[in-house]
Amino acid sequence: MTTHATGRTLGSTLGRPPLALVLPGALAAALLVVPLVTLVLDTPWGSFLDQLGTRAVRDALRLTALASAITVVVCVALGTPLAWLLARVDFPGRTLLRAAVAVPLVLPPVVAGVALVTALGRNGLVGSLLRDATGWTIPYTTTAVVIAHTFVSMPFYVLSVEGALRASGERYDVVAATLGADRWTTFRRVTLPLAMPGVIAGAILAWARSLGEFGATITFAGNYPGTTQTMPSLIYQALQSDPEVARTLSMILLVVSVATLAALRNRWLTTP
Amino acid sequence: MADDTVTGPSPGGPGLVADLRVPGRLDARVTAVPGEVVAVIGPNGAGKTTMLRALAGLVELEGSVEVDGASWTDPPRLVRERSLGFVFQDQSLFPHLSALDNVAFGLRSRGVARARAAATAHEWLDRFGIDDLAGRRPHELSGGQAQRVAIARALAPAPSLLLLDEPFAGLDVGVATALRLELARHLASYDGIALLVTHDALDALTLADTVLVLDGGRVAQTGTPHDVAARPRTDHVARLVGLNVIRDDDSFRSFSPSAVTVSLAQPEGSARHRWHGTVLSAAPHGDAVRLLVGADRELIADVTPAATAELGLVPGRAVWLSVKETAVQTYALGPT
């Protein structure tokens, strides 16, 4: 007997679903689905390829692809060790640090941008030191785009990997130690392979977050075509002058988002 | 508590000399010479697993551990710096590695080259008769096969100390029996020290040179399997080997459950070996029925199925138990 069959039998014997639940439910579904459908309908498919070929669009596409790819690499390279520290090392302030890592998840992106300016801006705490020492400033550069993307994407990655590390537990670390493995070997050969599903899910989440990033980027890096103008920034700009371009670009991001969701399907969309 | 029947290792020489103190859980001295197999038995919570984990360095320890003349506790050695093999109760095979890579893991982490580690791992799998399963992942192995891989993995780096935590727990009886015989063979050719935690008297009797009985974190008895089985000093071991043991002021009395006479009326004769109580449970035991009787202590008695029916020996029934003087073995309280 499967739960599926049970559900079906119960559904037909327990009576109709009440309107008090059906109506608001349908309204919620409409609110979520209708704009997506209209976006698809309003996309200027005739000129779709022409739009893709314009310099502004190509630059924004290239920059978005580049920034999101580097963001994922930085998240994996720096976020994996951070997740391991949070999951495995009992250091003072660990709870506090874990809370701090999660803050960008709920922080309005514009606020994230302002926060980045205070730290890395021309007159920011770290930014001014950097400027005095090297003459180099970060804001309004492609580097700033990557930093803003990393800032908002990293928490998704770290929390996903930390969860996977906690789920696989310290048990196998102990086994590896009794077999003479040092912690680095254990991390490489045991801990990381066992946490791989979390690493992959975290990387996809971070990448998706980076693709759509707008608020922190435009605040910290500006909106300069070719250097800091990503897809969302271009959409924002085009919406005022050329709505067709905005829809074309939006369509591209929608397709990418749906593809991301499909990649994560096994993790989240399958009901238990 | 003195180590009575086995000649202990001399300090600084080969073998294990450990004084294991884990506050609130364990206070035990254990010694063994190379090649010796020590079975650690005792009831749940007696500190058996804690003893193994303390030797491995997995729990904080007061006291000392010395293996083959080198101290593991002064200065403290990390777990990975101790020459040990640990067979965990749940096997704990690395789920993402093949049987071969699991067995080769300890060799690889101790710096053996990949090809040589693989060759040695194949040899070990072959000794356990499962080299044809070398490429399988743990989830593709049966319980018995997985436990063989786990034991091979622990033995492959040739550790000084092999710690086995209930290696047959959770296996089918038939599988456990086959594996017990195999393990006996491997332990016979193993020149390190093996400590085997077990719940099963059979393990202790068939595999061990020495039995160490833990009770409440302390060593209640050590001796050869034969000695411990014949003269148990704790209720737990008495139960394990199927004996009744009664502790008097200065001695133990033990007798077999088959020597117990069960009657409804008060028996005549010696007052010393009789008890009045109620039947707590009755269960088939071989050809007989084994009764657990709650008198001033719990006693076990074997009766025939016919007698069970005739006397109406169901739980709750009040009965008298008696034993002939000649069936009772008396031995001194202190270490022999």
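# Chatting through a two-chain model

Guide: Let's start at the contact between the chains: D90(B) and R171(A) join their side chains in a salt bridge, at 3.2 Å from N to O. The term salt bridge is used for a side-chain nitrogen of Lys or Arg within 4 Å of a carboxyl oxygen of Asp or Glu.

Visitor: Okay, and what kind of model is this?

Guide: This is a predicted model, where local features need pLDDT of at least 70 and side-chain atom pairs count only at pLDDT 80 or more, while totals for chains, interfaces and linings use all residues. Residues are numbered from 1 along each chain as its sequence is written, chains are lettered from A and ligands numbered from 1 in the order in which they are written, and side-chain values use heavy atoms, with hydrogens and water left out.

Visitor: How many salt bridges cross the interface of chain A and chain B?

Guide: The rule finds one across that interface.

Visitor: How many residues does each chain bring to the contact?

Guide: Chain A brings 16 residues and chain B brings 19 residues. Contact here means heavy atoms within 4.5 Å.

Visitor: And how much area do chain A and chain B bury between them?

Guide: About 1700 Å², with 69% of it on carbon and sulfur atoms. On the chain A side, T178(A), L179(A) and R189(A) lose the most area to chain B, and together they make up 41% of what that side buries. Buried area is the accessible area (1.4 Å probe) that two parts lose on being put together, summed over both.

Visitor: Let's switch to chain B. How many helices and strands has it got?

Guide: Chain B has nine helices and 18 strands. Those are DSSP runs numbered from the N terminus: helices are H or I with at least four residues, strands are E with at least two. The C-alpha trace of chain B spans about 75 × 45 × 30 Å along its principal axes.

Visitor: What share of chain B counts as buried?

Guide: 51% of its 336 residues. Buried means under 20% relative accessible area, exposed means over 50%, and partly exposed is in between (1.4 Å probe, protein chains only).

Visitor: Which residues of β3(B) are covered on each side?

Guide: V37(B), A39(B) and I41(B) are buried on one side, and V38(B) and V40(B) are buried on the other. That's five of the five residues in this strand, residues 37-41 of chain B. In general, side chains in a regular strand alternate between the two faces of the sheet.

Visitor: Which strands does β3(B) pair with?

Guide: One is β8 of chain B (residues 193-197), which runs parallel to β3(B) and is joined to it by four bridges. There, V38(B) has L195(B) as its bridge partner. Another is β9 of chain B (residues 210-215), also in the parallel sense over four bridges. In β9(B), A39(B) is partnered by V211(B). Two strands pair if DSSP finds at least two bridges between them.

Visitor: Why is helix α1 of chain B said to be largely enclosed?

Guide: Seven of its nine residues (48-56) are buried, so the rest of the structure largely encloses it. Among the buried ones are M51(B), L52(B) and L55(B). After α1(B) comes G57(B), with a positive phi near 90°.

Visitor: New topic: how many aromatic pairs are there over all chains?

Guide: Ten, from a search of the whole structure. Take F94(B) and F105(B): their ring centres are 4.6 Å apart and their planes are at 45°, so the pair is tilted. The rule is that rings of Phe, Tyr and Trp (its six-membered ring) pair if their centres lie within 6.5 Å, with planes under 30 degrees apart counted as stacked, over 60 as edge-to-face and the rest as tilted.

Visitor: Are F94(B) and F105(B) buried or exposed?

Guide: Both are buried. Over in chain A, ring pairs link W84(A), W184(A) and F187(A) into a cluster.

Visitor: Which charged end sits over the ring of W124(B)?

Guide: That of R127(B), 4.0 Å from the ring centre. R180(B) lies over the face of F168(B), 5.1 Å from that ring's centre. A charge sits over a ring if NZ of Lys or CZ of Arg is within 6 Å of the ring centre and within 35 degrees of the ring normal.

Visitor: Last one: what does V199(A) touch?

Guide: Leaving out residues up to four places away in sequence, V199(A) touches Y157(A), V161(A) and L192(A). V199(A) sits in helix α11 of chain A (residues 196-212), and is buried, at a relative accessible area of 10%.
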